[in-house]
Amino acid sequence: MVRAIVFDSSSYKEAFAKKAQQCGVKVCTVEPSGLSLAESVAKAALSMDIPADECVYVSSSLEGHKAARRNKMVSFGVGCKESELDQILSGADAVLDSLDVFPAFADVTAFDKAVDQTVRDFYGRTIIGQMLSGAKEVMQHAYAPYSKFHVGAVLRTDTGNLYRGCNVENASFGGTICAERGAAMASIATEGAGRFNLIAIASQAEDPAPPCAICRQFLSEFTPADAQVYLISTTSNVLRHYNFGTLMPYTFTEF
């Protein structure tokens with residue numbers, strides 16, 4: 001549950017902060033320090049005695065989005081001069097013209113629901129929603145007679161192209177190809193080895209399934225640590241958002 005707000009100094013809005021506090025939502029502002037921004041953001045959450053992943057960070061910069069993602073916070077962009085796509089690539093969960101457009105809420109539970117709806121609305125009208133929908137569509141083509149577990153993946157290259165893949169199983173289990181590797185190979189076959197900056201994966205798991213360990217290592221060959229990964233469950237409709245580096249902190253990089 002999201003139950004706290006961390007503001008950067010440029011995005012702080014006193015009236016909104018007071019309203020949030022009156023509704024039971026904790027609020028703090030990142031204070032200047034000799035720490036990195038990610039560390040300062042983490043320290044701000046700690047000052048409220050709230051886990052970082054239960055906070056929304058309101059920022060006006062790409063570095064703010066990156067700091068939020070490193071702390072597994074929801075990240076809202078308010079007043080950022082960079083493009084919406086650049087903010088998405090940096091980890092934004094929503095880009096708002098101002099906090100005035102944020103839905104009304106009366107308590108912490110309603111605040112959490114408003115955050116979730118704001119994120120889903122933003123995803124739905126951007127490249128993120130397009131990729132999540134594509135992942136759900138392609139998972140219907142999965143060949144999974146043994147596990148009965150269907151997965152779909154969509155990868156975006158740094159050229160802006162999207163590639164799909166689904167899991168394809170085999171009676172010789174070692175011959176099975178996961179959705180993520182299928183999409184990656186389709187990309188490489190089409191335009192050569194490049195870089196993936198957005199990844200969307202759909203599965204039937206109640207808590208949406210991340211790539212398996214082999215796929216994480218495979219993708220790490222072509223995916224920077226700050227690439228954005230979105231997971232969705234077609235069973236529970238739960239969404240998850242991670243940096244690729246969070247899912248794959250250590251990679252095998254030398255032969």
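The following questions and answers go through a predicted model of one chain.

Biologist: How many helices and strands does the secondary structure of the chain come to?

Modeller: Both kinds of element occur in this predicted chain. The count comes to 9 helices and 10 strands.

Biologist: What radius of gyration does the chain have, and what would a compact globule have?

Modeller: The chain has 255 residues, and a compact globule of that length would have a radius of gyration near 18 Å. The C-alpha atoms fill a box of roughly 60 × 40 × 30 Å along the principal axes. The radius agrees with the globule value, the chain having 19 Å.

Biologist: What percentage of the residues in the chain is buried?

Modeller: The chain exposes about 12100 Å², and carbon and sulfur atoms supply 53% of that area. A residue counts as buried under 20% relative accessible area. Of the 255 residues, the buried ones make up 49%.

Biologist: Among contacts between residues at least 6 apart in sequence, what share joins residues at least 24 apart?

Modeller: A contact means heavy atoms within 4.5 Å. Taking the contacts between residues at least 6 apart, the share that joins residues at least 24 apart is 59%.

Biologist: How far apart are the mean positions of the positive and negative charges?

Modeller: The chain has 22 positive and 28 negative charges.

Biologist: How many disulfides does the count come to?

Modeller: A disulfide is a covalent bond between the sulfur atoms of two cysteines. The rule asks for sulfur atoms within 2.5 Å. By this rule the count comes to 0.

Biologist: Which cysteine holds the sulfur closest to that of Cys166?

Modeller: Cys166 is buried as well, at a relative accessible area of 16%. Its closest cysteine sulfur is 11 Å away, too far for a bond. That sulfur is in Cys178.

Biologist: Is Arg69 buried or exposed?

Modeller: Arg69 is found in helix H3, residues 62-70. Residues that Arg69 touches beyond four places in sequence include Ser90, Asp93, Gln228 and His241. The relative accessibility of Arg69 is 3%, so the residue counts as buried.

Biologist: What distance separates the C-alpha atoms of Arg69 and Gly91?

Modeller: These two residues are 22 residues apart along the chain. Gly91 is one of the residues that Arg69 touches. Their C-alpha atoms are separated by 6.0 Å.

Biologist: Which elements are included in what covers the buried residues of H3?

Modeller: In H3, Gly64, His65, Ala67, Ala68 and Arg69 are buried. The cover includes H2, S3, strand S4 (74-78), helix H4 (84-90), strand S9 (228-233) and strand S10 (239-243).

Biologist: Which residue with positive phi follows H3?

Modeller: H3 spans residues 62-70. The residue that follows has phi near 60 degrees, and it is Lys72.

Biologist: Where does Asp49 lie, and what is its phi near?

Modeller: Asp49 is exposed, with a relative accessible area of 64%. Asp49 lies in the loop between helix H2 (37-47) and strand S3 (55-59). Its phi is positive in a residue other than glycine, near 60 degrees.

Biologist: In which loop is Lys148 found?

Modeller: Lys148 has a positive phi near 60 degrees and is a residue other than glycine. Lys148 is exposed, with a relative accessible area of 56%. Its loop is the one between helix H6 (127-138) and strand S6 (151-157).

Biologist: Which residues does Thr118 touch, not counting those up to four places away in sequence?

Modeller: Thr118 lies in helix H5, residues 108-124. At 10% relative accessibility, Thr118 counts as buried. The residues touched are Phe76, Ala94, Leu96, Phe102 and Pro103.

Biologist: Which residues does Ala193 touch, leaving out those up to four places away in sequence?

Modeller: Ala193 is found in the loop between helix H7 (179-191) and strand S8 (196-203). Ala193 is exposed, with a relative accessible area of 62%. The residues touched are Ile188 and Phe222.

Conventions
Residues are numbered from 1 along each chain as its sequence is written. This is a predicted model: local features need pLDDT of at least 70, side-chain atom pairs count only at pLDDT 80 or more; totals for chains, interfaces and linings use all residues. Side-chain values use heavy atoms; hydrogens and water are left out. Helices (H or I, at least four residues) and strands (E, at least two) are DSSP runs, numbered from the N terminus. The radius of gyration is taken over C-alpha atoms; the globule rule is 2.2 Å times the number of residues to the power 0.38. Buried means under 20% relative accessible area, exposed over 50%, partly exposed in between (1.4 Å probe, protein chains only). Accessible areas come from the Shrake-Rupley method with a 1.4 Å probe; for residues, only the protein chains shown count as cover. Lys and Arg count as positive and Asp and Glu as negative; His and the chain ends are not counted. The place of a charge is taken as NZ of Lys, CZ of Arg, CG of Asp or CD of Glu.
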